[in-house]
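Me: Got a structure up on screen. Can you walk me through it?

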Amino acid sequence: MIGLIDFTSYCFVVKPYRALLGLLILLVLTGPAQAQKATTTRAAADSIAAPAPKRQFQATRISEAIKIDGDLDEAAWREAPIATQFVETRPTPGRPEKHPTEVRLLYDNDALYIGAVMHDVSPDSIFRELSQRDDLGNTDYFAVFLDTYHDKLNGYGFFLTPGGVQLDARYSPAGGEDFNWNAVWMSRTQLRGNDWIAEIRIPYSAIRFSDAPEQVWGINFGRQRQSTRQQYFWNPVKPQVDGFVNQWGELRGVRDIKPPLRLSLTPYVSSYFNHYPYNEQGTRNSSTSFNGGADLKWGINESFTLDATLVPDFGQVQSDNQVLNLSPFEVQYNENRAFFTEGTELFNKGGLFYSRRVGGQPLGFYDVDGQLRQRTVGTDGQVHQGEYVVSNPGVTRLLNATKISGRTKSGLGVGVFNALSNDVYATVQDSTTGARREVLTQPFSNYNIFVLDQSLKNNSYVSLINTNVTRRGSTYDANVTGGLFRFADKNNKYALDGQVNYSRRRGTAFGSNEQVDNRDGYKYQLGVGKISGNFNWNLSHGIESATYDPNDLGILFSNNSINQELYLAYNKYAPFWKVNSLRTNLGIYQSLLYKPTRYQNVGFYSSVNTTFTKNFFSTGININGNLQEHDFFEPRRQPLGVYYVRVPANLGVSTFGSSDYRKKFAYDIELATRWYATDGQRTGRNNYELGLSPRYRVSNQLSFRYNFNWQLQRNQIGYPGDLNSDDAQDQPFFQNGVADVLLGRRRRTTTTNTLSASYTFTNRMSFTIRTRHYVSVARYRDFSRLNPAGEEEAVDYRRNRDNSFNAFNVDAVFSWWFAPGSQMTVVWKNANSNYLAGDEATPQYFTNFNNTLNTPHNNSLSIKVLYYLDYLTLRPKRG
């Protein structure tokens, strides 16, 4: 947990030879010793794998006003109880802090007030890099954590750095630590001598709690001293104990407070100027647009909140990292739209919700070309030109989206999500007459999710999730229902978890009169394991039927499988030898095709990583291998089970490491390779990868980062693309109108360069720019015909199937939080991409780069202003 800033998070890279040699020596020295001592030390290790006793903290009610200025000069602060004696979590768990932290907590009818004093050695020991909201950077922090329903599973986190930068997060079993959640709260910091002070006001409207006369909340306070890379908590958090929220203390004494009316409106206005050089007569190169809408947040009662976005505008989100996809599966992109990332932990349970489906690519986006009137020649010899596509929107515009979520005082979480999208049409034009017509590519659609999540004792839960997509017109609807559970024992040492899903589709395929063929499907997963202590293990088994399909509102790359896995891990959390900790794991897995039951693959994986004590350099090694694999999906041929591509036995090794981010100059580096066994006459198949990411912090306000990644895949065997019966070079490979399955041996090179810079004016104003250039080239050497049972025979196939793909993006963002919850953003986006096939494709990097620069670019400049209106601040004051 605490993934952004926790000791459990590593940037994996390899250092020069000395660090890697030290790690290998460490493994040699400690491996046998640990094996010998395992029996005698296991009982001792497990004895400390229980959560620490819970501390209790008493809140103090106040009646006088508290000014949030970072001074803590009101009398109430001096009289309040103090939470101190923090305990170190990393790098040495259990050690008391040397430089004390003192925390006081007050409350009134409207808010909680937290005042904290962090003592230190000197002002230079207080790291305070400025950054954007929810971006920690190279800095200290103070944090307060609240579990307002005291279910030991779900909570809030509020972070504050010495520079005044705010971070806030939600904690849940499904979402882990989610920094996409945002709340409106007040804070100020001050540096005073060798100390720094944090003063925080958290209004009750920012959190949810029950209507009980006396509140008992889970609470914890955290602190990070970046100068020594130490992390502390008031209530000890043991890294060997599973869970985070369950290791918080208790807040008592909060009485007679009422959940307020949580009602806020955030209207927005935005304006766009777009320029694309069509250079066509009658077509304007420039266009402008003006948009308006609002986000609404309403607290239905003390437990549940409604969030709605009306006429949403997502034009300013970061550009997707487009790639050349030669696999049989779709590319999964990150979600950058705030409405779909904030407060969605309930909807993400069970992995059934892929939010990019909402407002995503229309169902019939790729079907438009097949509906065009083609060029014909009449009986009189006259040529009649066909149609061409004028516009084909790649995304679906949402009309609105709403989510209701919350948790009752009995621990029952309820979530309802609903979104509506309108019809989407492509526009096509007759080449001769100029007449235009519209082709429907996406009907009016409703997306819905319903979730019930019951928190149980001992860090356990049971959940029910239902997702539904209903479309207007003669096409299919889809529904998926899932149930999942986790039961841990009283000591939080062992756990049993599982999931059962049922998918249902009814109707005809879009643009067809044929009924969908995957009408009913199912999936189940069951696992059991040891979850706390230095040594952990897990054994799991699962099945996905051949017709299981959650992809209308979720994402699943492949179904029709049976999977088994055994996972073992041994970790040392306290410093020893020359390292701060050691993490190791070993896993063995098997996969079968479900229907018909066929072997797919057997493999293993293992990793070791550590951080050196003296220079805080993280390094490690990953090893994984597979026996010969039967890939039933690469041939793109149904039904599965007849054709498969043989993937030879292979072994992959990667090394990784990360230098100390406290330094002005730091870097990450990654080296990876994979070797394949000889398969028949084919030799020399291997993969190589190099990743390098240096970063330089000029000052606490200005920083630069460069990411370089290079991948080479030699003699890769893959599907080269569909055959065309109208192409003379493809025609010999059609038998009775059915295309052969062709495979190609190819060399693929991919290079990605990303340069980003950030300048933070204040803790509320920043400017960032990110430039990315991606190029991937695939060149084919020879081809073979794939026969049933994985047999290949060489063929004389002459069509040039080489291809290259270039993508170039610039995202520049100026952001100013000019008032609590209110923001103005100015965004400039420059983007283009091109796909070259056959003779046009070129393997030369700089030729591709020049082609990218010379291809027409789309430029967009936009301004967006959101203004946060809170009913509690706008209502008339009484008396």
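**Cores and overall build**

Reply: Start inside. The largest nonpolar core has 37 residues, and Leu 105, Ile 114, Phe 142, Leu 146, Phe 158, Ile 202 and Phe 221 touch the most other members. A nonpolar core is a set of buried Ala, Val, Leu, Ile, Met, Phe, Trp, Tyr and Cys residues joined through side-chain atoms within 4.5 Å. Buried means under 20% relative accessible area (1.4 Å probe, protein chains only).

Me: Which elements give two or more residues to this core?
Reply: Strands E4 (101-107), E5 (111-119), E6 (141-147), E7 (155-160), E11 (195-203), E12 (214-225) and E14 (249-255). Strands are DSSP runs of E, at least two residues; helices are runs of H or I, at least four; both are numbered from the N terminus.

Me: What does the second core include?
Reply: That separate core has 23 residues, including Phe 347, Val 358, Ala 401 and Leu 484.

Me: Experimental or predicted?
Reply: Predicted: local features need pLDDT of at least 70, side-chain atom pairs count only at pLDDT 80 or more, and totals for chains, interfaces and linings use all residues. Residues are numbered from 1 along each chain as its sequence is written, and side-chain values use heavy atoms, leaving out hydrogens and water.

Me: How many helices and strands in the protein chain?
Reply: 5 helices and 49 strands.

Me: And how much is buried?
Reply: 51% of the 879 residues.

Me: What box do the C-alpha atoms fill?
Reply: Roughly 100 × 75 × 50 Å, along the principal axes.

Methods
Buried means under 20% relative accessible area, exposed over 50%, partly exposed in between (1.4 Å probe, protein chains only).
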